[in-house]
Amino acid sequence: EYVDGLLGLDGWSHVNVLYWFDRHDTPQQRRILRVHPRGNAKNPLTGVFACRAPVRPNLIALSVCKLLSVEGAFVSVEGLDAFDGTPVLDLKPFIPPDAPTQGLRVPAWAREGRPTD
């Protein structure tokens, strides 16, 4: 039903994919406000709004993905941090000026142990 909304998306190299952490949609998990990021107890206890934990009051998630193709109603991306079958809420083109390039600050736990491309 939304295929007409994909017109022109293939002109972009990257897309913001907003999706729903459906596997964590329980009243108990929505009340969790502090976690050890990446499920690693060595990381400091951190508020869910200061990390990308899938347990949170609002289960909306975001990944910036490389857009591989748009064929009919099928959009193929690379780098989506979601399980197969996860509900997609929206797609928005990634526009480079929207991303900050200076003055970035991240905690040490977020820099350590990251996979490299």
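Colleague: How many aromatic pairs does a search of the whole structure find?

Modeller: A search of the whole structure turns up one aromatic pair, formed by tyrosine 19 and phenylalanine 21. Bear in mind that this is a predicted model, where local features need pLDDT of at least 70, side-chain atom pairs count only at pLDDT 80 or more, and totals for chains, interfaces and linings use all residues. Side-chain values use heavy atoms, leaving out hydrogens and water, and residues are numbered from 1 along each chain as its sequence is written.

Colleague: Why are tyrosine 19 and phenylalanine 21 called buried?

Modeller: Buried means under 20% relative accessible area, exposed over 50%, and partly exposed in between (1.4 Å probe, protein chains only). Tyrosine 19 has 3% relative accessibility, so it counts as buried. Phenylalanine 21 comes to 16%, and is therefore buried as well.

Colleague: Nice. How do you know how many disulfides there are in the whole structure?

Modeller: A disulfide is a pair of cysteine sulfur atoms within 2.5 Å. For cysteine 51, the closest cysteine sulfur is that of cysteine 65, 19 Å away, which is too far for a bond. Seen from cysteine 65, the closest cysteine sulfur is in cysteine 51, again at 19 Å. The search of the whole structure accordingly gives zero disulfides.

Colleague: And what makes cysteine 51 and cysteine 65 count as buried?

Modeller: Cysteine 51 has a relative accessible area of 11%, so it is buried. Cysteine 65, at 0% relative accessibility, is buried too.

Colleague: What share of the chain's residues counts as buried?

Modeller: Of its 117 residues, 22% are buried.

Colleague: Which secondary structure elements does the chain have, and in what order do they run?

Modeller: Helices (H or I, at least four residues) and strands (E, at least two) are DSSP runs, numbered from the N terminus. The chain has two helices and six strands, and from the N terminus on they run β-α-β-β-β-β-β-α.

Colleague: How much of the contacts with a separation of 6 or more comes from residues 24 or more positions apart?

Modeller: Contact means heavy atoms within 4.5 Å. Such residue pairs account for 68% of those contacts in the chain.

How values were computed
Phe/Tyr/Trp six-rings, centres within 6.5 Å; stacked < 30°, edge-to-face > 60°.
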